[in-house]
Every structure is written in structure tokens, then in C-alpha cells.
Amino acid sequence: MRGLTARLYDWNAGERVLRVSSTANRLKVRQLRSDPHASLHVSGPDIWSFAVAEGEAEIADPADGATPGEQPLPDRRVTILLRVSRLYGTALDIPAQG
């Protein structure tokens, strides 16, 4: 996700999907709507440990059925679903896939 920010996330290894909560009016959400390519960097327990997940993001927005032109509320939550196609790093606790 272009700008670097600290994020809490939920990882589903079976589905290879990361879920991140954000608000609808954030720059990262607007950018992902126009270009869904994204990555998430996760630091490990020491400076040499890390994991990176890359893939296509989708915005799950409960208000997608809202009236056209309606402005999103500033604190309306959306979920960013990152469908991971590439996963690499030194701190992975799951087997690598081709």
C-alpha cells in the first residue's frame, strides 16, 4: 500500500488473504480503488526478519450500494482485502508456494 503506515491485519493462510481495516476517505483507499496492486511488509522479531505479501487489493465497502454522488462519512470503515499472489521473506512461518 503505497504510503508506509503501521497497520493491524488479519492473515488467512488457507485463503491467502490479508484483511486490513481503514476508513473510506483515506488516501490509501482512493489509490487502491484506481490501482489495486499492493504490498504489506511485516517486521519480524529482529532486524533481519521480515515477510512481504504482494497482490491485488479489493475494497469491501458496505456502502457500495449508496446513492451516486453521496459523500462517504469520514469515519466509515471499509475492509481492504489483499489477495496474496507473492509471499517472501525470512520470517515466514508457513511453507513457501511456487
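Partly exposed here means a relative accessible area between the buried limit, under 20%, and the exposed limit, over 50%. The model on screen is predicted.

**Stop 1**

Select R19. Its relative accessible area is 30%, so R19 is partly exposed.

**Stop 2: R33 and D61**

Select D61 and R33 together. They form a salt bridge, and the closest N and O atoms are 3.1 Å apart. R33 sits in helix α1, residues 27–34, while D61 lies in the loop between β4 (50–60) and β5 (77–89), so the pair ties together parts that are 28 residues apart in sequence. Is D61 buried or exposed? D61 is buried, because its relative accessibility is 9%, and the cut-off for buried is under 20%. R33, at a relative accessible area of 44%, is partly exposed.

**Stop 3: R83 and E58**

Move to R83 and show E58 with it. The two form a salt bridge in which the closest N and O atoms are 3.0 Å apart. R83 is in strand β5 and E58 in strand β4, so this pair links distant parts of the chain, 25 residues apart. R83 counts as partly exposed at 39% relative accessibility, and E58 is partly exposed with a relative accessible area of 38%.

Salt bridges that share partners join R33, D61 and R76 into one network.

**Stop 4: the buried face of α1**

Return to helix α1 and select K28, V29 and L32. These residues are buried. Turn the view to look down the axis of α1: the buried residues fall within an arc of 100°, so they line one face of the helix. What covers them? Among the elements over the buried residues of α1 are β2 (17–23), β3 (37–43), β4 and β5.

**Last view**

How values were computed. Residues are numbered from 1 along each chain as its sequence is written. This is a predicted model: local features need pLDDT of at least 70, side-chain atom pairs count only at pLDDT 80 or more; totals for chains, interfaces and linings use all residues. Side-chain values use heavy atoms; hydrogens and water are left out. Buried means under 20% relative accessible area, exposed over 50%, partly exposed in between (1.4 Å probe, protein chains only). A salt bridge is a side-chain nitrogen of Lys or Arg within 4 Å of a carboxyl oxygen of Asp or Glu. Helices (H or I, at least four residues) and strands (E, at least two) are DSSP runs, numbered from the N terminus. The arc is that of the directions from the helix axis to the C-beta atoms. Contact means heavy atoms within 4.5 Å.
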